[in-house]
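Below are some notes on the model for your review. Please read them with the coordinates open.

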Amino acid sequence: MMDRMPEVWFPHLNIKIYELDPVAFKLFGFPVYWYGVIIGSAVIMGLLLAQREAKRTNQNPENYIDFLLYALIAALIGARTYYVIFSWESYKDNLLKIFAFREGGLAIYGGVLAAIGVAWVFTKKRKLSFWLLADTAAPSLVLGQSIGRWGNFFNQEAFGRYTDSIFAMRLMKNNVGQHLTEDILNNIITYNGIQYVQVHPTFLYESFWNFGLFLFLLWYRRRKKFTGEIFLMYLAGYGCGRVWIEGLRTDQLTIGNTGIAVSQLLSGVLIVSSIIFVMHKRKNAKEI
């Protein structure tokens, strides 16, 4: 009798996961996916954290509930729009596919940029400080990104090229039909008749990077020299992680046929501009 085979396998860490169902449970007969459960949990945790920080800095915590309602809708639209723009070849002949959210296709940078835009309008309408809101929300945002990446794990997506490093992850080839590059296909591993691809777990790299950035921002926020510095440090820190992690992924969104990964380019711009702005402001800022 053939041994039961793991669906996901970290061979060098001796971790085997035998069943990884993307569906968490069913509600009135409809499947509720782990991806949604994880994202929802991340949003709630981020909101609670932001409200706690708002109290500490003498802001109205209720403003962050109101802002979240607008930001979530904008982020979803922005994430989808960003993805569609840079995957236009997949949608140009069937525009209705643009609205097929359940088929996947969201880009985090699009969501972040849309949420920033909403924050700008929201603070202007409420006569609040954009930079204070951004500072308050930044740790929550990166914590949510850290948690949210585990949704990619349950979907077995957003992985990288072939690797035999200590963190190498094996996935059943039949479960991941897309984004298999030549180096992955040249290193197929067959075990007990089952074909596995062995790849970088880029979801794990980004989750750990973002959690480290979250801890750094918590430490740094009492040492900032000006309002807005925490947000700018988030942009620079997240950008640094995204530059190298995006370079490992096989599902990059590129600018036309240039081969340039749009997220790497955007990250580079954000890193440089944020660091220059922080250096300039810290040079001239007084202690808050």
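**Notes on the sheet and the helices**

1. Met-169 is placed opposite Val-199 of strand 7. Strands here, like helices, are DSSP runs numbered from the N terminus (E, at least two residues, for strands; H or I, at least four, for helices). Strand 7 covers residues 194–199 and pairs with strand 5 in the antiparallel sense over 4 bridges; two strands pair if DSSP finds at least two bridges between them.

2. On provenance: this is a predicted model, in which local features need pLDDT of at least 70 and side-chain atom pairs count only at pLDDT 80 or more, while totals for chains, interfaces and linings use all residues. Residues are numbered from 1 along each chain as its sequence is written, and side-chain values use heavy atoms, with hydrogens and water left out.

3. Strand 5 also pairs with strand 1 (residues 8–10), in the antiparallel sense and over 2 bridges. In that pairing Val-8 stands opposite Leu-171. Strand 5 is covered on both faces: Met-169 and Leu-171 on one side, and Arg-170 and Met-172 on the other, are all buried. Buried means under 20% relative accessible area, exposed over 50%, and partly exposed in between, with a 1.4 Å probe and protein chains only. In a regular strand, side chains alternate between the two faces of the sheet.

4. The sheet is open and antiparallel, with 5 strands in the order 2-1-5-7-6. Strand 2 (15–17) and strand 6 (189–191) are at the edges with a single partner strand each, so one side of each has no neighbour in the sheet. Direction ignored, neighbouring strands are turned by 25° against each other on average.

5. Thr-202 lies in helix 7 (residues 202–220). Why does Thr-202 count as buried? Because its relative accessible area is 2%. A polar atom of the Thr-202 side chain lies 2.4 Å from the backbone oxygen of Ala-158. Beyond its neighbours within four places in sequence, Thr-202 is in contact (heavy atoms within 4.5 Å) with Ala-158, Phe-159, Gly-160, Ile-245, Leu-248 and Arg-249.

6. Helix 7 has 19 residues and reaches 26 Å from its first C-alpha to its last, close to the 27 Å expected at 1.5 Å a residue; the expected span is 1.5 Å times one less than the number of residues. Its buried residues include Phe-203, Leu-213 and Tyr-220. Among the elements covering the buried residues of helix 7 are helix 1 (34–56), strand 5 (169–172) and helix 9 (262–284).

7. Helix 1 packs against helix 2 (residues 62–85) at an angle of about 145°, with the axes 9 Å apart. Axes are lines fitted to C-alpha atoms, for helices over the stretch in contact, and angles run from 0 to 180 degrees between N-to-C directions. The contact involves Val-43, Leu-47, Ala-50, Gln-51 and Ala-54 of helix 1, and Glu-62, Tyr-64, Ile-65, Leu-68 and Leu-72 of helix 2.

8. Ser-140 sits in helix 4 (residues 130–148) and counts as buried at 8% relative accessibility. Leaving aside neighbours within four places in sequence, Ser-140 is in contact with Gly-46, Leu-49 and Ala-50.

Methods. Polar contact = N/O pair within 3.5 Å; in protein donor to acceptor, adjacent residues only side chain to side chain.
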